[in-house]
Amino acid sequence: MTQYPFIPLPNYNEYPLAVMRQRAAEFYADIKRRRTVRDFSDRPVPREIIENCVRAAGTAPNGANQQPWHFVVVSDPDLKRQIRSAAEAEEREFYAQRATAEWLADLAPLGTDPNKPFLETAPYLIVIFAQRYGLAPDGGKRKHYYVQESVGIATGILITALHHAGLATLTHTPSPMDFLTTILQRPDNERPFLVVVAGYPAEDATVPDISKKSLDEIATFL
Ligand code: IYR
């Protein structure tokens, strides 16, 4: 394979230090308002907003620029109903049998349960698929690298973009989630990674009163 042509770094913005300080502080202040929301409104959200958030996710750094992700944006009520029904069946099994006592005890403070009405209420379910391998033009398999890392970063950017646009999100991880492959008819090289539920929060939405670890707890500067 020949190397790509190299070009001068396009569109880099260097900010004066005072501006950089302010931008870092403002971004932190804004992103710390993000909360995982479980009560959604059914108010519609224009599709172009979601499109730009998905475009933002697609800029994520990733292994060998293979971009090993696919985003299925579900707004169709019948598909949402099917996803809710299958997810709730898995979750009932999870809460009743599969989860260990330790896991249930760790989840108890969050008040989650097998009922997932938001899967029908919210206007969008963005189902993120990880491409375990790619398909070459001749149909052969093309190895993908750092798939989990790449798709995880893209998902983080997606959630940040949705928050920045003014939407509420929920990261939902039904387990197992093979039903998403079937319902959404995805090819064999893809595995469901995570569901990001997006929309307006319900007017009476509540969230648990939890806090994040401090900088000292999460970071070491050497
Ligand atoms: N997937 C289940 C259980 C669940 C697990 C974790 I770890 C959470 O942070 C939240 C929920 C559910 O969606 O209820």
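Visitor: Leaving aside neighbours within four places in sequence, which residues is V127 in contact with?

Guide: Bear in mind that this is a predicted model, where local features need pLDDT of at least 70 and side-chain atom pairs count only at pLDDT 80 or more, while totals for chains, interfaces and linings use all residues. Residues are numbered from 1 along each chain as its sequence is written, and side-chain values use heavy atoms, with hydrogens and water left out. V127 is found in strand β2 (residues 124-131), and contact means heavy atoms within 4.5 Å. Setting aside those neighbours within four places in sequence, its contacts are H70, F71, V72, V74, L180, L184, L194 and V195.

Visitor: Is V127 buried or exposed?

Guide: The scale runs on relative accessible area: under 20% is buried, over 50% is exposed, and partly exposed lies in between (1.4 Å probe, protein chains only). V127 has a value of 1%, so it counts as buried.

Visitor: And how far apart are the C-alpha atoms of V127 and H172?

Guide: Along the chain, V127 and H172 are 45 residues apart.

Visitor: What pattern does the protein follow when read along the sequence?

Guide: Helices (H or I, at least four residues) and strands (E, at least two) are DSSP runs, numbered from the N terminus. There are eight helices and six strands. Read along the sequence, they give α-α-β-α-α-α-β-β-β-α-β-α-β-α.

Visitor: At roughly what angle do the axes of α2 and α6 cross?

Guide: Axes here are lines fitted to C-alpha atoms, for helices over the stretch in contact, and angles run from 0 to 180 degrees between N-to-C directions. The axes of α2 (residues 47-57) and α6 (residues 147-165) come within 8 Å. They cross at roughly 145 degrees.

Visitor: How many nonpolar, polar and charged residues make the contact of α2 with α6?

Guide: On the α2 side you have I49, I50, C53, V54, A56 and A57, and on the α6 side A154, I157, L158, A161, L162 and A165. For classes, Ala, Val, Leu, Ile, Met, Phe, Trp, Tyr, Cys and Pro count as nonpolar, Asp, Glu, Lys and Arg as charged, and the others, Gly among them, as polar. The tally is twelve nonpolar, no polar and no charged.

Visitor: Which residues lie closest to the centre of the largest pocket?

Guide: A pocket is found on a 1 Å grid over the protein atoms alone, as an open set of points where a 1.4 Å probe fits, with protein on both sides within 12 Å along at least five of seven lines; lining residues have an atom within 4 Å of a point. Points are joined across faces, edges and corners, and a volume is the space filled by probe spheres set on them. The largest pocket holds about 420 Å³ of space. Of its 14 lining residues, the closest to the centre are K32, R34, R35, S211 and K212.

Visitor: Which elements give two or more residues to the lining of the second largest pocket?

Guide: About 300 Å³ of space lies in that pocket. It is lined by 17 residues, with R38, Y95, L107, H172 and T173 nearest its centre. Elements giving two or more residues to the lining are α3 (77-98), α4 (101-107) and β5 (168-172).

Visitor: What is omega near for the cis peptide bond from S175 to P176?

Guide: P176 lies in the loop between β5 and α7. The S175 to P176 bond is cis, with omega near -5 degrees.
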